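This briefing goes through a structure by topic, starting with its aromatic residues and ending with its sheet.

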Amino acid sequence: MLQGLYDTVRDYNMLKKGDKVLVGLSGGADSVCLLLNLLEISAEYELFVSAIHLNHQLRGEESDRDERFCVELCKRLDVPLTVNRLDVMSYAEETGKSVEEAARDLRYKAFDAYACGGKIATAHSLSDNAETVLHNLTRGTGLKGLCGIPPVRGRIIRPLINTIREEIEEYLSVKGQNFVTDKTNLSTDYTRNKIRLEIIPKLKEINPNFMGTIQKNVQSLELENNYIAISTKEVYNSCRISKS
């Protein structure tokens, strides 16, 4: 699995030697796997790896359990950890945003504040990207929405974006590394959960290599989207009239 991460980091030019990398650590399988993988390549890239755990305070004792797990994990791995508690509910009420949107806003604000100018690594996987593409498709979207989650966005990098969840869990099993599970991820009350738990398994019955197909489609659409953006900019610049 580590080779897949190497390939993704190289293909998207995610890291350079000496980078500071802040890992968003929830305690779930994906983020724990990401942290361990980055530590494995840290010597080669001369990385300074740290982590941040954001307690959204939405799941009571389970949220506190996740925080304790991340503290203990980073202590064992000797990884500097920042823990920040977010008042998501108050922010959602103040802004009129959904709880999910409010959590995302506060999460990325915290990432930016604590990254100290370095890279921010989030643990989005190919499985997450498949869910996003299908979610966008069902709501209606254009070419950009069909590209799903960008592997790189500014200082944000997603080294696991070409890795499926089964590979992540197998890697952790081989390492003997446990992780925490968010019980809300098992509920089909949320649209993304319904896509993950009900829709994608049906699509895999039709195409067992559904995830590989999504990956190839996304990569092709990314190339087309980038070509259109570059070509449009070139045409726009050629039509500009300079004031003299």
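Which residue lies over the face of Tyr-108? In this predicted model, Arg-153 takes that position, 5.6 Å from the ring centre.

**Aromatic pair**
- One aromatic pair turns up when the whole structure is searched.
- The pair is Tyr-108 with Phe-111, and it is edge-to-face because the ring planes stand at 85°, with the centres 5.4 Å apart; over 60 degrees is the cut-off for that class.
- Both residues belong to helix α5 (residues 99–114), where they sit three residues apart, about one turn of the helix.
- Tyr-108 has 14% relative accessibility and so counts as buried.
- Phe-111, with 6% relative accessibility, also counts as buried; the limit is under 20%.

**Sheet layout**
- The sheet is open and has six strands, ordered β3-β2-β1-β4-β6-β5, with mixed pairing.
- At its edges are β3 (81–85) and β5 (152–153), each of which pairs on one side only.
- Helix α5 packs on this sheet and touches β1 (20–24), β2 (48–55), β3, β4, β5 and β6.
- The direction of α5 makes about 150° with that of β2.

**Strand pairing**
- Strands of a sheet are joined through backbone hydrogen bonds, in a parallel or an antiparallel sense.
- β1 pairs with β2 in the parallel sense over five bridges, and Gly-24 stands opposite Ile-52 in β2.
- β1 also pairs with β4, again in the parallel sense, over three bridges; here Val-21 is opposite Lys-119 in β4.
- Four of the five residues of β1 are buried, leaving the strand mostly covered.
- Strand β4 (residues 119–121) is parallel to strand β6 (residues 156–157), with two bridges between them.
- Ala-121 has Ile-157 as its bridge partner in β6.
- A right-handed β-α-β unit is made by β1, helix α2 (residues 29–45) and β2.

**Ser-63**
- Ser-63 is part of helix α3 (residues 61–77).
- Is Ser-63 buried or exposed? Its relative accessibility is 4%, so Ser-63 counts as buried.
- Apart from neighbours within four places in sequence, Ser-63 contacts Asn-55, Gln-57 and Leu-58.
- Glu-170 lies 107 residues from Ser-63 along the chain, and the C-alpha atoms of the two are separated by 25 Å.

How values were computed
Residues numbered from 1 in each chain as written. Predicted model: local features only at pLDDT ≥ 70, side-chain atom pairs only at ≥ 80, totals over all residues. Heavy atoms only, no water. Phe/Tyr/Trp six-rings, centres within 6.5 Å; stacked < 30°, edge-to-face > 60°. Buried < 20%, exposed > 50% of the residue type's maximum accessible area, 1.4 Å probe, protein only. Lys NZ or Arg CZ within 6 Å of the ring centre and 35° of its normal. Contact = heavy atoms within 4.5 Å. Pairing = 2+ DSSP bridges. Axes fitted to C-alpha atoms, helices over the stretch in contact; angles between N-to-C directions. Right-handed = clockwise from strand over helix to strand, strands pointing away.
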